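Biologist: I am new to this structure and would like to learn how to read it. Could we go through some features together?

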Amino acid sequence: MIGVISGDIIKSQTIPKHQYDAMLYELEQSLRSVSGKSTLWNIYRGDSFQLQINNPEYLFKHAVLIYLYLKASGYEVRQSMAIGQIDNPRNDIKTATGSAFTLSGHGLDQIANQRFLFSTPLENIHESLNLNLAFADVLLTKITQKQANALYAYLTSTDNSHAALAKDLKTSRENVTKLLNLAHYQLIERFLEHASNIIKNINQGRC
């Protein structure tokens with residue numbers, strides 16, 4: 001089983017032509033920030049992307065990190081996540097096939113005002129995770145660029161104590177705490193751990 005994220009930049013057609021390269025650069029950097037040996041990604045149609053995650057327990061965290069990275073850079077992105085099978089592995093994931101790709105792609109076509117959508121053939125897991133995801137979606141959509149930047153740093157830093165983050169972000173510890181609290185960082189972290197554990201159990205055949 002693998003995880004797949006299909007996404008695109010919201011209202012990218014309104015971005016002035018002279019700012020397009022900057023948008024594309026930030027999109028590439030957001031994908032590179034979560035990429036590793038167990039991931040493959042591709043950008044297509046200018047503002048759309050697809051990410052294959054061979055360790056699917058990281059699916060939700062990768063999606064949230066991509067969202068926070070781009071939000072901190074001034075862009076809104078929507079992402080359709082899915083777990084499922086891969087039938088035809090390819091280095092160029094545009095030509096890969098399997099239920100994970102199909103579900104993720106169809107989800108992106110159907111996504112409305114949400115920033116995140118999750119699909120899986122397991123309906124009981126699908127409904128449970130999507131309910132939790134809906135709450136997380138509301139919280140993440142409302143955060144500011146500065147809050148997104150602080151939350152991204154918190155979720156990715158080896159030392160994510162508020163004092164260490166303040167040094168990295170060149171601000172005060174009090175300001176870091178304020179930004180993280182406004183971003184509901186503890187709830188987001190708990191949600192990511194919960195989603196990761198559920199998908200890990202599915203992948204290990206415990207659900």
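This is a predicted model: local features need pLDDT of at least 70, side-chain atom pairs count only at pLDDT 80 or more; totals for chains, interfaces and linings use all residues.

Biologist: Is Gln50 buried or exposed?

Modeller: Buried counts as under 20% relative accessible area. Gln50 has 12%, so this residue is buried. Among the residues that Gln50 touches are Val4, Leu40, Trp41, Tyr44, Ile93 and Phe101.

Biologist: Let's turn to aromatic rings. How is a pair described?

Modeller: A pair of aromatic rings is described by the distance of the centres and the angle of the planes. A search of the whole structure finds five aromatic pairs. One of them is formed by Phe60 and Phe118, a tilted pair with 5.1 Å from centre to centre and 55° between the planes.

Biologist: Which parts does the pair of Phe60 and Phe118 tie together?

Modeller: Phe60 lies in helix α2 (residues 59–72) and Phe118 in strand β5 (residues 116–119), so the pair links parts that are 58 residues apart in sequence. Phe60 is buried, at 2% relative accessible area, and Phe118 is buried too, at 0%. Together with Phe191, these two form one aromatic cluster.

Biologist: And which residues of helix α6 are buried?

Modeller: In α6, residues 162–169, the buried ones are His162, Ala164, Leu165 and Ala166. Their cover includes α5, α7 and α8. After α6 comes Lys170, with a positive phi near 60°.

Definitions and conventions: Residues are numbered from 1 along each chain as its sequence is written. Side-chain values use heavy atoms; hydrogens and water are left out. Buried means under 20% relative accessible area, exposed over 50%, partly exposed in between (1.4 Å probe, protein chains only). Helices (H or I, at least four residues) and strands (E, at least two) are DSSP runs, numbered from the N terminus. Contact means heavy atoms within 4.5 Å. Rings of Phe, Tyr and Trp (its six-membered ring) pair if their centres lie within 6.5 Å; planes under 30 degrees apart count as stacked, over 60 as edge-to-face and the rest as tilted. Lists of a residue's contacts leave out its neighbours within four places in sequence.
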